[in-house]
Amino acid sequence: VGDFAQGMLTCVPLNMAGLSKIPTGKQLHKAIAAHYAGIEHSFVDVAPLAAIERTPELDPESLNGTNRLRIHVYANDAKAQAVLQAVYDNLGKGASGAAVQNLNLMLGIDERTGLL
């Protein structure tokens with residue numbers, strides 16, 4: 001909860017210790033980045049992997065007014081844990097943006113029509 005009208009940070013913790021093959025943070029980041037890089041006209045960006053404690057890119061309002069989403073990957077290889085942090089405009093990338101994008105797809109027009 002913050003003092004702003006829109007914008008959101010969503011955190012997805014990953015405990016990978018139970019996997020048969022545990023990826024490193026670099027491997028996890030590379031797989032996620034390659035996935036989204038392979039999607040033509042994707043609205044999703046993957047932030048560069050950086051070993052940092054704080055980052056100004058985690059401003060929840062940084063993507064306001066857009067249909068963009070930025071994923072940050074943070075990992076602790078020694079503990080087999082990672083956190084995926086998504087930054088997005090919950091009003092643009094949320095249900096309304098998804099509805100416009102899906103309508104565009106159903107109409108057979110460029111899915112980016114009407115979206116920033």
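The model is predicted, with local features requiring pLDDT of at least 70 and side-chain atom pairs counted only at pLDDT 80 or more, whereas totals for chains, interfaces and linings use all residues. Residues are numbered from 1 along each chain as its sequence is written, and side-chain values use heavy atoms, with hydrogens and water left out.

Asp-110 is partly exposed at a relative accessible area of 36%, and Arg-112 is likewise partly exposed at 32% (buried means under 20% relative accessible area, exposed over 50%, and partly exposed in between, with a 1.4 Å probe and protein chains only). A search of the whole structure finds 2 salt bridges. Arg-68 has a relative accessible area of 21% and is partly exposed, as is Asp-45 at 34%.

Strands (E, at least two residues) and helices (H or I, at least four) are DSSP runs numbered from the N terminus, and two strands pair if DSSP finds at least two bridges between them. Strand β2 (residues 44–46) runs parallel to strand β3 (residues 69–76), to which 3 bridges join it, and Val-46 has Ile-71 as its bridge partner in β3. Strand β4 (residues 81–88) runs antiparallel to β3 and is joined to it by 8 bridges, with Ala-82 of β4 as the bridge partner of Ala-75. These two strands, β3 and β4, form a hairpin with 4 residues between them, and Ala-80 in the turn has a positive phi of about 55°.

The largest pocket holds about 180 Å³ of space, a pocket being an open set of points on a 1 Å grid over the protein atoms alone where a 1.4 Å probe fits, with protein on both sides within 12 Å along at least five of seven lines. Its lining comprises 14 residues, of which Leu-49, Ala-50, Ala-51, Tyr-74 and Ala-75 lie nearest the centre. At least two lining residues come from each of α1 (25–37), β3 and β4, and β3 gives the most, with 4 residues.

Definitions and conventions:
On a 1 Å grid over the protein atoms alone, a cavity is a set of points where a 1.4 Å probe fits but cannot get out, and a pocket is an open set with protein on both sides within 12 Å along at least five of seven lines; lining residues have an atom within 4 Å of a point. Grid points are joined across faces, edges and corners, and a volume is the space filled by probe spheres set on the points. A salt bridge is a side-chain nitrogen of Lys or Arg within 4 Å of a carboxyl oxygen of Asp or Glu.
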